[in-house]
Amino acid sequence: IALALVGAEPIKEGTGRIVRFDLRPLEQLNRPRIDVLASLSGIFRDSFANIVDLLDDLFERAAEAPDEPAELNFIKKHAQELKADGVERPAARLFSNPPGDYGSMVNEVVGSGEWEEETALGETWRGRNVFSYGRGEGSGVDGSMGGTARPEVLDKLLSTTERIVQEIDSVEYGLTDIQEYYANTGALKKAAENRQTTGKKMKSKVAVSIIEAFASGGDTTGTNTVPAQVQDLEQVLRIEYRSKLLNPKWRDAMIAQGSGGAYEVSQRMTAMVGWAATADVDQFVFDQAAERYALDDDVANQLRDSNPEAFKNVVRRLLEAQGRGYWDADEEVLEKLRELYSEADDLVEQVNVAVHTVGGKKKA
């Protein structure tokens, strides 16, 4: 995706190994080069250091491309602006966590519930992803991938971000299944919006496109394939919620798995709040989640019996969504949820006491 946006192609040696990314002529592109902020996971950063170096070299050359006007090369345009401000390494475009560290920590913040404003989630992401990587950053003392904090470059790229592109390459896990998607894609969206304002100081919305790399739409032979469909984030969230979390068949399958299934439901409820904080989650999602998992007495009893802590979190996240203004629930529903939460909290406390009791005596 990054190569397509920049307008580049891989150059391979005889063995098939990629040795360089070359810029395609603007005459072939028939459009400007698009600037890119590449947000790298710590695993990609460490596992594909050679690709990181090659990409870094590509951006350096794009920023200095001779005979290309800045209005047709936004990498060059933004690099020139940063250079004019005295910023070092203005062509840095590959950002990740601190060297040897992993994760944005946004999921930890959301999981704790100890945050006030949505903007804080974006700033948590920014603080954890301010390190630039590549050939121009050298390597660590132990030979590992080196990184340099470059907040000025990152802030410039965030302030000019118009769209975020997230590729999904797994048929098993989608956006709503694990915490990492909202903690990175969602929080990156929020970090960019934090640095963009409209005429009346209102933050502008940054769009997110989702590309399912496995859904090419072509035949199984790999020939005559159709490019993967690009979908808006909100559309993908609706599809996933309807097909999984809100699907009675999926719910019943999770319940049948006992404690582990209840845990999976609980994790997706936390992720639902994370997406509501960093993007948009429709009201019907919260309405039906409450109906499916908390207000249905039979389901609630099964979840509570199999995993009291998970059920408590299910109810907690629904109440949190209402408290933060993501869900407009009736007072009667809220009263029922508060009652369920109180009962679940008492049960969890009883379980904890039982676990810490040995031979009829509590552990010291």
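I began with helix α10 (residues 233-243), which lies across β8 and β9 and runs at about 85° to β9. I note that the model is a predicted one.

I next looked up the sheet to which these strands belong. Three strands form this open sheet, in the order β7-β8-β9, with mixed pairing. I recorded β7 (163-168) and β9 (230-232) as the edge strands, each pairing on one side only. From one strand to the next, the twist averages 30°. Strand β8 (residues 207-212) runs antiparallel to β9, and three bridges join them. Within this pairing I found Ile211 opposite Val230 in β9.

Four strands form an open sheet in the order β3-β4-β5-β6, and its pairing is mixed. Its edge strands are β3 (38-39) and β6 (148-149), each of which pairs on one side only. I traced β3 to strand β4 (residues 94-96): the two pair in the parallel sense over two bridges. Ala38 stands opposite Leu94 in β4.

Lastly I examined a helix pair. Helix α12 (residues 259-278) packs against helix α15 (residues 308-323) at an angle of about 20°, and their axes are 8 Å apart. Angles under 35 degrees count as roughly parallel, so α12 is roughly parallel to α15. I recorded the crossing of α12 and α15 as left-handed. Among the residues that meet, I listed Tyr263, Met269 and Val273 in α12, and Asn313, Arg317 and Leu318 in α15.

Key. Residues are numbered from 1 along each chain as its sequence is written. This is a predicted model: local features need pLDDT of at least 70, side-chain atom pairs count only at pLDDT 80 or more; totals for chains, interfaces and linings use all residues. Side-chain values use heavy atoms; hydrogens and water are left out. Axes are lines fitted to C-alpha atoms, for helices over the stretch in contact, and angles run from 0 to 180 degrees between N-to-C directions. Angles under 35 degrees count as roughly parallel, over 145 as roughly antiparallel, 65 to 115 as roughly perpendicular and the rest as oblique. A crossing is left-handed if the near helix is turned anticlockwise from the far one by less than a right angle, and right-handed if clockwise. Contact means heavy atoms within 4.5 Å. Two strands pair if DSSP finds at least two bridges between them.
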